[in-house]
Amino acid sequence: MLFAEGIRLAFSDHRGTSFTALDIDTFRPEPGKLTAIAGPSGSGKSTLLYVLAGLQPPQAGRVTADGMDIYSLGESRRDAWRRRTIGFVFQDFHLIPELSLVGNVALPATFGRSPGSRRRASELLVALGVPTDRRSVGMLSRGEQQRVAIARALAFDPPVILADEPTASLDGAAATDVRAILKRLAGEGRTVVVVSHDDAVLSAADATLRLDHGRPTAGFPMAAE
Amino acid sequence: MNPMPLVLAMLRRDVGTSAAFVALIALAVGLAAAITSQERALRSGSARAADKFDLIVAAPGSQTDVLLRVVFLQPGSVELLQGEPLRRLMSEARAEFVAPVGFGDSYRGNPVVGTTAALVDHLASGRLEGRSFIAIDEAVVGAASPLGIGESFQVTHGHGEEAFLGDQHGQTVSVVGRLPATGSPWDRAVIVPIEFVWDVHGLGTGHGAVPPQGEEGAGAPEAHEEHPSAIGPPFDLATLPGIPAAVLKPATLADAYGLRGEWRTSETMAFFPAEVLVELYELLGNMRAVMSGLAIATELLLVGAILCGILILMRLYRHRFAILRALGASRLYVFAVAWCFAFVLIAGGSVIGLGVAAGITGIVSALFAQASGIALDSGIGWTEAGLAAAVAAIGALLAIVPAALLYREPVVSALRGAA
């Protein structure tokens, strides 16, 4: 269970003027649900995702995972926690063209020890409908590449999936596929948090947090739209 | 943790840049290693070439000049050893042999050397093909000579640029033997009896009457029996012409030092070729130190420049590394990838550099052997391997810089930077 409370974060612009990046009392995305974060550009959506992933320490507040304050962990232990707990999906996939499909999916296994990672990578690709006969990432459509990226996020079978605009670079059919996959992952009991401008994603979400200037304007705690 | 899949992916992605980095390092290491390898080969090659020349006695002058003439058969002129000192030298009883050597002629650019059969046998070490000369019109050739046993030829007056094909002495010489390869300029030499050299230059044969000089009949010796066809010792000491030098074979080490001391007089100089070579090696060693220092400094500058290039390359990768951090990679993993990437380039360049050095020394040695006749053992040894290892080790240390910068890179700003 991921839980953020009392999150306060402010940044300074190049003139030294401070502005609020996040000011959130509570955010508790539920396991088994697809939770969306919406809002205009610069509203703090991605920043909240980084805070939840243990990449951006807040200036106040805490993020807990199953009761453990993740920012109380040292950086290397927080890296290990993120590797086991969080699966990240990006708008532009960020696959490595020089690696094979399986190599891309199994890449997180090279961060630590993960026996049998290549077999699991193959199984994930098959499960997500990626044509595994393609030799390189460059031979895949954008939708297929995003499915490889999702498979990579699932390499360690994490309980939490964080996706930053996962459908923004995809056409209609591919975006529909990815939405369905995210929904399915949530249905399997994972906590799925998606930052999105995509109305279809927001419609599919079980809950939506709307942010503006780092502050919730609607939706939480757990006000499903 | 296994950074290599990503390191290999990065090498594939920037294969052109990576190859250029490796090539530059390989060239720098290759040139530096070639200097030390070539210098060592020059030492061993020249020492081996001089090995058979135990003690050289000549007229006072430059030992280096005499060494170059006698051992390395280089064109040039030295004072002649003649008169009473020469007569005493030829009667030296403590040497197994005293072999006079004479020069001045050539055959198709190869030096013609006059000496005695004793020196030929000594150079052959019992492996002479055919036989040694027993007549004034016979010759033994070096292993690399174009002449074969049974061939006849005429020698040309002069050596090198001074020699003209049309300026032949007229006497025909037959080849009766061939020396085994010695790795010295003597491999290309045509060795004739010293009497032949004296005779074709109008100096007699050292075995009796000297032909008249100037007006016919003038200057003829009065009371020496003439044996114009005889070769080898004993010579007629009264009519013995001057010689550039003589090679002595002392019976023992004590004799060698004794003879050297005895023949170091105001009228003669005696030296072991090795002692002259040692002086040359010291000079060569100093030059090597300077050149090696310059080469290593150049290498380090190059490695530094390449690391700057890697640093720029790594900045282009900072977003990729941020993605890896988001996927769960630790800072240490990022450090390891960046460090391994730099180290693979530098270590790869260093190892290939040894191959480049082997190629350079091989070519230079071949050219040097062609020009001088001295066979050089072109090879890469522990010194060169140590040099390459040192470059790789320094590269490994310097590679920490780009790796540490990426290690310290804030993840979120890098993620936003390429979003």
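**How chains A and B meet**

Between chain A and chain B there are nine residue pairs in polar contact, both partners at pLDDT 80 or more; a polar contact is a pair of N or O atoms within 3.5 Å, where within protein one must be able to donate a hydrogen and the other to accept it, and residues adjacent in sequence count only if both atoms are side-chain atoms. Keep in mind that this is a predicted model, where local features need pLDDT of at least 70 and side-chain atom pairs count only at pLDDT 80 or more. Residues are numbered from 1 along each chain, and side-chain values use heavy atoms, with hydrogens and water left out.

**The interface**
- Chain A puts 21 residues into the contact and chain B puts in 23, with contact meaning heavy atoms within 4.5 Å.
- On chain A's side, the residues that touch chain B split into ten nonpolar, five polar and six charged.

**Salt bridges**
- Four salt bridges link chain A and chain B (a side-chain nitrogen of Lys or Arg within 4 Å of a carboxyl oxygen of Asp or Glu).
- One of them joins the side chains of A:D79 and B:R325, at 2.9 Å from N to O.

**The nonpolar core**
- The largest nonpolar core has 77 residues, and A:F88 and B:F321 have the most contacts inside it.
- Such a core is a set of buried (under 20% relative accessible area, 1.4 Å probe, protein chains only) Ala, Val, Leu, Ile, Met, Phe, Trp, Tyr and Cys residues joined through side-chain atoms within 4.5 Å.
- Leaving aside neighbours within four places in sequence, A:F88 touches residues including A:L49, A:Y50, B:A326 and B:L327.

Methods
Chains lettered and ligands numbered in written order. Nonpolar A, V, L, I, M, F, W, Y, C, P; charged D, E, K, R; others polar. Buried < 20%, exposed > 50% of the residue type's maximum accessible area, 1.4 Å probe, protein only.
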